[in-house]
Amino acid sequence: MTRRFIIKEIHQQKLKDQKAVIKGWVKSVRTAKWGAFIVVNDGSCQRDIQCVADKDIEGFEETVAKLSIGCSIALTGNLVESQGRVKAIEMQVESCELIGGVSEDYPLQKKATSLEFLREVAHLRSRTNTFGAVFRVRHALAFATHKFFNDRGFYYLNTPIITSSDAEGAGDMFRVSTLKKGESDYSKDYFGQETFLCVSGQLEGETFAQGMGAIYTFGPTFRSENSNTARHLAEFWMIEPEVAFFDLEDNAQLASDYLKYLISYAMENCLEELEFLQQMYKKDLIETLNHVKDSPFEKITYTEAVEILNNSGKKFEYQATWGSDLQTEHERFLAEEHFNKPVIVTDYPKDIKAFYMKLNEDGKTVRAMDVLVPGVGEIIGGSQREDDYEKLLSRMKEMDLKEEDYWWYLELRKFGSVPHSGFGLGFERAVMYITGMSNIRDVIAYPRYPNNAKF
Ligand code: 4AD
């Protein structure tokens with residue numbers, strides 16, 4: 001029996017003068033007097049394969065002549081080098097089998113379909129060049145993440161998805177409950193207490209970093225904040241490294257090394273995808289990625305950032321004032337206009353950051369860091385953690401967090417406490433940044449956001 005090859009192997013190995021079976025979906029079909037050109041893709045790579053079927057092959061009229069875009073087919077034939085200027089591999093078809101036909105209401109008949117429209121047919125969009133490209137890059141970045149951390153001696157940790165603690169202390173949580181309508185006594189609920197979907201695995205990550213040295217999580221994360229924007233999802237994936245004996249400088253270095261590694265990995269392994277996305281969506285994508293990969297990230301304090309914003313002469317909708325959080329317009333100005341590269345902003349006022357961040361000696365700021373990138377804004381949030389028991393407890397009291405909910409987290413500060421740091425990278429924001437896609441809903445298979453969970 002003739003072996004089936006995926007199109008990626010055929011192009012990568014330049015397989016020629018060889019009999020093969022190709023299975024995939026018809027991208028286009030052009031018939032002429034002599035026969036037909038059938039362009040096929042099987043999702044394995046960006047490049048399609050052109051298959052040439054002469055009219056006199058067996059069953060031409062019953063199969064090839066009836067093909068339309070989207071049909072699934074199996075082709076058997078010889079792989080040959082094309083005659084044209086680009087010596088691509090193509091197939092000289094000997095037989096064509098129709099596997100699945102396409103009814104007239106197939107929504108992807110037309111070549112050009114908008115991203116908005118494709119969100120309405122999310123179950124089919126992986127068939128398009130755009131989504132094939134984005135999701136192959138997404139895969140590569142996930143793989144690169146494991147490789148990066150594994151090569152540096154980090155252990156992959158799976159932290160719980162159902163949790164009873166609010167890791168960010170911000171309250172944007174989805175409840176998990178089996179109580180019936182009208183019941184509100186959580187002591188009678190499944191877990192005997194209130195539980196939620198996790199907003200971060202950090203606190204549990206910290207406990208393992210203080211036993212195993214360096215860990216990272218990579219898992220689903222849920223936030224019920226009502227943010228209907230192109231950068232927010234209610235369900236997203238986050239990578240959270242956490243390292244013992246690590247201060248904020250070490251943390252910033254790790255974040256910058258990791259982002260650069262992701263870019264390099266994508267450039268080495270997904271260049272055809274990036275070239276396609278560049279051509280379609282972001283004209284300077286590859287140049288920008290190269291620039292970011294090769295230049296050091298800018299590092300400024302929050303106080304310096306506010307000064308830069310106020311001296312910029314630019315009119316913002318909200319003026320930047322010391323003590324209030326940077327708005328998206330501020331973050332974008334810093335990363336896009338002022339520095340035009342990733343910027344690490346450190347030492348934010350304690351009142352706008354989470355309870356677990358280490359207090360600086362000034363008593364006003366904490367050892368926080370946000371990494372801002374052009375086009376996306378905040379891509380990473382992290383900090384050095386408060387490792388002093390009394391300081392952490394008093395900060396929790398100031399923020400009205402219940403000591404009994406975090407007793408185990410506090411105990412870490414009693415038993416061999418060490419300076420430690422970590423950060424969270426929003427995986428979809430990284431995928432957006434590296435693919436140049438401008439809406440987060442186009443880089444996750446089935447996006448969840450307010451009023452949308454329909455697929
Ligand atoms: O800044 P955040 O909230 O930090 C944490 O959750 C920390 N526990 C991380 C840590 O130190 N281990 O979130 C981290 C990143 C953000 O920079 C952003 O990229 C992403 O997660 N993120 C979101 N991505 C998509 N949709 C949302 N609603 C997001 N909220 C945060």
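Mentor: Let's start at the ligand: a polar side-chain atom of Gln202 lies 2.7 Å from one of the ligand's nitrogen atoms. The model is predicted, so local features need pLDDT of at least 70 and side-chain atom pairs count only at pLDDT 80 or more, while totals for chains, interfaces and linings use all residues. Residues are numbered from 1 along each chain as its sequence is written, and side-chain values use heavy atoms, with hydrogens and water left out.

Trainee: Which other residues have atoms placed like this against a nitrogen atom of the ligand?

Mentor: A polar contact is a pair of N or O atoms within 3.5 Å; within protein, one must be able to donate a hydrogen and the other to accept it, and residues adjacent in sequence count only if both atoms are side-chain atoms. Here, Glu240 has a polar side-chain atom 2.7 Å from a ligand nitrogen. Phe423 takes part through a backbone N or O atom, 3.4 Å from a ligand nitrogen. On its own the ligand has 630 Å² of accessible area (Shrake-Rupley method, 1.4 Å probe), and the protein covers 93% of that.

Trainee: Is helix α12 buried or exposed?

Mentor: Helices are DSSP runs of H or I with at least four residues, strands are E runs of at least two, and both are numbered from the N terminus. Buried means under 20% relative accessible area, exposed over 50%, and partly exposed in between (1.4 Å probe, protein chains only). In α12, residues 427–435, nine of the nine residues are buried, so the helix is largely enclosed by the rest of the structure. Among them are Phe427, Glu428, Arg429 and Tyr433. Just after α12, Gly436 has a positive phi of about 80°.

Trainee: Where is Gly43 found?

Mentor: Gly43 sits in the loop between β2 (35–41) and β3 (49–54). Its relative accessibility is 40%, so Gly43 counts as partly exposed. Gly43 and Arg136 are 93 residues apart in sequence, yet their C-alpha atoms are 8.9 Å apart in space.

Trainee: And what does the whole protein chain look like by these terms?

Mentor: The protein chain has twelve helices and 16 strands. Buried residues make up 51% of its 455 residues. Along the principal axes, its C-alpha trace spans about 85 × 55 × 45 Å.
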